Structure formats: structure tokens, C-alpha cells
Amino acid sequence: MSAYELFRSAGVTKQLYDKFLAPMLLVTLFAPPTELSAAAALGALYYFALAHQPDFDVRWGRGPIGKLIFEPLVAQLKKLDVAILGSRRVETILPLQDSPSNNLHRSTTAYNSQSSRFSSNQLPGVVVVQGPNNKIETYQADAVIVAAGIPALQHLVVKSPVLAAAEDFRSLMGVSCSDVLAVRLWLEQKLQFRTPSNVVAGFDDGVGGTFFQLDGLQDMYRKEPGSVLEFDLYHAEPLIPLSDDAITRRLLQHYLAPALRCSNSIQPAALKVKDSCVLRFKRAVTKFSPGSHSMLPNITTSIPNVFVAGDCVKQGPGTHGCKGLSQEKAYVSGLQAGNHAARMLGLRPAAQIIPVEPDEPHVTAAKEVLRTQRWLASLFTNGLHSSSRTSSRNSRSSSTTKASSSSGSSSSGSSRSSRISGNKSSSSTFPVGVGGSSRPGQDISAQQQQDTQQLRQALRQQMADQVVPDSKDAE
């Protein structure tokens, strides 16, 4: 079922769908509800919008993420003797027996107990990459963690027979992806907006994204004489074929126009662009379409020494609380994959996996109400079914008794049958409602009413114990 079908069957209003649900899913799962799995949509809405409202707004770095986060991370890894090889593209993964070099050596003892389907020489053991100047390089690998998106994974499966032989890797060939468009504009004018970041949607069918005023977010742009704007657009297939100039004009005259009317006196046509950068990313992000869950990879795979990390890994019961297409999910899955690889090699996993925070009190209370409603519904339904079965048995018993009684006048044998049938129908098979004035199931219904009243009282007390912040505290 698609998310759109779910919302429609649930009676969601057009305004709620157009103003919140569709834009929210376009910027969290990068596709419109008509193309998204209902389960994936509910998981993303819960994780991003409901469970932890104080964390809903994205935290933006005060400068380039590469300099603030990744450069210190690389420096720390190098202190641990980690070799980081950039400017290289992985072309294929080979089993050890197909190694193009005789100088590779690896320990195979760790794999002997992992799987009877693989011998040590059949396991992936060599990573072939294209390095600088198109030079082919090979690297020994005791374990392989593929930290990549769906397109890169699919490329590796096509180029690596050792992966293509595994059913779980072949399955991900059916996962589809969406295009992304990233545009950065340097303007001559200095603009003011109510918020330096926001969601943009509804201008092109099925396209949505985020808008950022970088000179209001990052220190490196604050002294710019004009504003620096960035648009990240998802499910951007309708815009990808346009020229750079056409994309720039459309963003300024259509996407930016409502914000200008609210915060600036300048007209879109008067904006002057000093510089621009338009980047197109074909099939850049995973599309969680209906039925895609069974195709997505797990962190651990059917190949004992190959693991997958990224926000494309399968989610569901038993997985970490980070959901959707998020940096948090990619990061956590990388830590988990590293721990699995360490454990497989006989090492001690060192990465600490921190769970997401518990639900806020009002969310916990709402979930408890829903569970109670479902419990009451099942209790009522079971009571009706019990009453229906009892009535049906009583009806059949009454018919049998009448038939036996009418035939009893013709022979004594039939009279004895009538008495036997009567004794059976008044036995413990029908504990209530037989031979008396009470109706079948009446005692059960009375018990249900008593249970319901007690449950209501308990629920009221539980709701009273939940501390829900008032509007001032929530702000």
C-alpha cells in the first residue's frame, strides 16, 4: 500500500495532505506519497515529526561540514593507523581464489565456522579499484563493509560475480531511486527572511526540497555583501533536463517569490545573480516504494565477511530507532557494521551504539490510548463472536430437541432419543442461556462492561500522571 492510499483511506483532509504530509515526505523520504510505502512513510513521520519535537529542526553547522567534522575525523583515524585512500572508485570485489596477485595473504581461520556454503577461497578477499591516472589497484580484504547508496551497490553487484551469486544482493537490483538537484546562488542584493531555512513544495508536481539562506546560517558567508542561497530539490526529475539558467530563473521567480512577498519589497525579476552553481545527481537517493522493503539490504548479509552500511539498509522491528533517509541512520549503521566485522574477525567490538531518546510524555500517553482502544475493540469483538457461537449452538440444539420431540409420539425409542438429546443440550456445553430466561452471552457482556469501567478509571489515572507541558513550556 502506498502512503497516499493510506492517507485517503484514513480520511485525511486535502489541506493536511497538501500543506504538511506531502511536503514533509518529499524532504524526509525524497518522494511524493503516491510513490512511497505506507510503512516507510509512517516510520519517517514518527521519527522526524512526532516522537521528539524539540529535535525536529535541523541543526546546521556554522561552517563547511568537511572542515568542521570530517577533517578532524580523518586526523583522528590516521592517529589510529587507518589508511584513507581517496580519489578511487571501487570497480569489483573478487574472491581470494581469483586474486590477480600472488603476494596477497590473509587469515582464513575466522571464517571456517561462519558458513558451510563458502570456503575461505570463495569468500570476497580482493577489492579492485581504479586509482589516480586510471591505474588499477588491488587491496586485500578480510572483511568488506560497503558504505554506499543503492546505485553504487547495484554497480558492484553487476561487476562482482561473488556478490551476484547471493540472493540478497541480487534482490536490491529492483530498488528504485530519485534524482536530486542542488543549486547555490550568490546574489547582489542582501535579503531578509523570517527563517533562514524552510521547506519548499507545490511549485512543480512531485518536486520538493529545502531552502537555505547561507549568509544567515554559516559564519563564512555572513560578511558577503549579498545573500547566498541554496536549494536542495528532491524527486527532481522534471527539472533535471532544464539548462542551468532556466533552473536559476525558475527558482527565483517561482520558488522564492512567496518568501520575497512576505519579507522583502524587492520583486523576483529585479534579483541579480553574481554567480551560481547547479549540480545534478541522477538516482542519488533511495526511493522506499511499496514492496521495496524485501529488496533492501540488511547490515549483515548472506556472505559472512560482507556488510552494508548507509541509510538504505532495511529498517523495522529490532533495528535502531533512526529511520528514513537520514545522516543519523547512515552513521549508526556504519558503527553497527564495524562491530559485526570486528566480531566476525574475532576482535572485540568497540563502537558504542546509543539508542534514541524515549518518547516524550504526550506521545507515550497517546500510544497508550491507542493500545487501549485496540484492546477494547478486540475484547468487544471476541465477546460478540462468543455470543454468536453460543446463539448458534443453542439454535441447533433447540431444533434438534423439537425434531426429537415431534417424532417421540410414534415410538418409545424415539422418545428415549428425545430425552437423551434434551440432556445433552442442557449439559455444560452451554453454561449460560439454556433452559432459563437469560439470553446467550449476557453474562459475558456484563463482565465486559465491568472490565471497561475499570480500564477507563485506570486510564484516567495514567493520563493524569503524565506531565504534558503547557503551550508556554512547549515553546
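This is a short tour of a predicted model, going from one selection to the next.

**The whole chain**

Start with everything shown as a cartoon. The protein has 475 residues, and buried residues make up 37% of them. Its secondary structure consists of 14 helices and ten strands. Among contacts with a separation of 6 or more, 70% are between residues 24 or more positions apart.

**Helices α2 and α3**

Select residues 14–28, which are helix α2, and residues 38–50, which are helix α3. How far apart are the axes of α2 and α3 where they pack? The distance is 10 Å, and the angle is about 90 degrees. Angles of 65 to 115 degrees count as roughly perpendicular, and α2 and α3 are therefore described as roughly perpendicular to each other.

Now show the side chains at this contact. From α2 come Phe20, Leu21, Met24, Leu25 and Thr28. From α3 come Ala41, Ala44, Leu45, Phe48 and Ala49. Nine of the contact residues are nonpolar, one is polar and none is charged.

Next, go to the loop between α2 and α3 and pick Phe30. Phe30 is not a glycine, yet its phi is positive, at about 60 degrees. Is Phe30 buried or exposed? Its relative accessibility is 11%, and because buried means under 20%, Phe30 counts as buried.

**The sheet of three strands**

Move on to strands β1, β2 and β3, which form an open sheet in that order with antiparallel pairing. The edges are β1 (89–95) and β3, each of which pairs on one side only. From one strand to the next, the twist averages 25 degrees.

Between β2 and β3 there are five bridges, in the antiparallel sense. To see one of them, select Gln130 and its bridge partner in β3, Ile136.

The loop between β2 (124–130) and β3 (136–140) holds Asn133. Asn133 also has a positive phi without being a glycine, and the value is near 60 degrees. Asn133 is exposed, with a relative accessible area of 78%.

**A parallel pair: β4 and β10**

Select residues 144–147, strand β4, together with β10; four bridges pair them in the parallel sense. Ile145 stands opposite Phe307 of β10.

Then look at strand β10 (residues 306–309) from both sides. Val306 and Val308 are on one side, Phe307 and Ala309 are on the other, and all are buried.

The next selection is an open sheet of five strands with the order β6-β7-β8-β5-β9 and antiparallel pairing. Which strands lie at its edges? They are β6 (197–201) and β9 (273–286), each pairing on one side only. On average, neighbouring strands of this sheet are turned by 15 degrees against each other, direction ignored.

- Strands β7 (residues 208–213) and β8 (residues 228–234) are joined by six bridges in the antiparallel sense. Gly209 has Leu233 of β8 as its bridge partner.
- Seven bridges join β8 and β5, which run antiparallel. Here Val183 stands opposite Phe231 of β8.
- Between β5 and β9 the pairing is antiparallel over ten bridges. The bridge partner of Val180 is Phe281 in β9.

Ten of the eleven residues of β5 are buried, and the strand is mostly covered.

Finally, which residues of α8 are buried? Select Ala246, Ile247, Thr248, Leu251, Leu252 and Tyr255. An α-helix has 3.6 residues a turn, so residues three or four places apart point the same way. Turn the view along the helix axis to see where these side chains lie.

Technical notes: Residues are numbered from 1 along each chain as its sequence is written. This is a predicted model: local features need pLDDT of at least 70, side-chain atom pairs count only at pLDDT 80 or more; totals for chains, interfaces and linings use all residues. Side-chain values use heavy atoms; hydrogens and water are left out. Two strands pair if DSSP finds at least two bridges between them. Helices (H or I, at least four residues) and strands (E, at least two) are DSSP runs, numbered from the N terminus. Axes are lines fitted to C-alpha atoms, for helices over the stretch in contact, and angles run from 0 to 180 degrees between N-to-C directions. Buried means under 20% relative accessible area, exposed over 50%, partly exposed in between (1.4 Å probe, protein chains only). Angles under 35 degrees count as roughly parallel, over 145 as roughly antiparallel, 65 to 115 as roughly perpendicular and the rest as oblique. Contact means heavy atoms within 4.5 Å. Ala, Val, Leu, Ile, Met, Phe, Trp, Tyr, Cys and Pro count as nonpolar, Asp, Glu, Lys and Arg as charged, and the others, Gly among them, as polar.
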